[in-house]
Amino acid sequence: MNKRKLEDILDELQIKINLFGYKYWITAVELYLKDNTIGMGEICKEIAKRYNTTTSRVDRALRHARERKEETIQRYFNVNYDIDNSVFLALLAREMEREEW
């Protein structure tokens with residue numbers, strides 16, 4: 001995974017680097033790209049373990065970072081539907097996979 005490219009995407013989406021959600025999204029994409037059958041619940045558990053916090057705090061941080069920029073995210077990925085954490089993760093992962101092709 002090209003971490004720099006993912007950081008560039010998050011920066012372009014104007015997700016603030018000082019939010020916990022920023023680094024959690026990077027970790028979430030990394031985990032998802034290793035195993036795309038893993039669900040958000042398991043991803044949040046693994047992130048919570050890595051960062052010594054709770055699953056609910058991880059979920060909230062991911063949601064908080066994403067919800068503030070939903071319109072920007074929709075424009076960037078050219079989609080017109082609601083974006084939840086699972087959808088955003090899939091969009092980010094698809095973008096990263098495209099970079100590898």
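I take a helix to be a DSSP run of H or I with at least four residues, and I number helices from the N terminus. I note at the outset that this is a predicted model.

**Entry 1: helix α6**

I looked up helix α6, which covers residues 85-100, and found arginine 98 and glutamate 95 in it, three residues apart and thus separated by about one helical turn. The side chains of these two residues form a salt bridge, with an N to O distance of 3.8 Å. I then checked how accessible glutamate 95 is. Its relative accessible area is 14%, and the cut-off for buried is under 20%, so glutamate 95 counts as buried.

**Entry 2: the salt bridges as a set**

I asked how many salt bridges the structure holds. The count is seven. I also recorded that Glu30, Lys34, Glu46, Lys49 and Arg50 are joined into one network by salt bridges that share partners. As background, side chains of opposite charge can pair when their charged atoms come close.

**Entry 3: helix α2**

I turned to helix α2, residues 20-34, where lysine 34 and glutamate 30 lie four residues apart, about one turn of the helix. Their side chains meet in a salt bridge at 3.9 Å, N to O. I recalled that an α-helix has 3.6 residues a turn, so residues three or four places apart point the same way. Glutamate 30, at 25%, is partly exposed.

**Entry 4: helix α3**

In helix α3, residues 40-51, I located glutamate 46 and lysine 49, which are three residues apart and so separated by about one helical turn. A salt bridge links their side chains, with 3.8 Å from N to O. Glutamate 46 has a relative accessible area of 24% and is partly exposed. Lysine 49 is exposed, its relative accessible area being 62%.

**Entry 5: helix α4**

I checked the length of helix α4, which runs over residues 55-67. Its 13 residues, at 1.5 Å a residue, should span 18 Å, and the end C-alpha atoms are 18 Å apart, so the two values agree. I then asked which residues of α4 are buried. They are Val58, Ala61, Leu62, Ala65 and Arg66. Viewed down the axis of α4, the buried residues fall within an arc of 125°, and they therefore line one face of the helix.

Key:
Residues numbered from 1 in each chain as written. Predicted model: local features only at pLDDT ≥ 70, side-chain atom pairs only at ≥ 80, totals over all residues. Heavy atoms only, no water. Helix = DSSP H or I, 4+ residues; strand = E, 2+ residues; numbered from the N terminus. Expected span 1.5 Å × (residues − 1). Buried < 20%, exposed > 50% of the residue type's maximum accessible area, 1.4 Å probe, protein only. Arc of directions from axis to C-beta. Salt bridge = Lys/Arg side-chain N within 4 Å of Asp/Glu carboxyl O.
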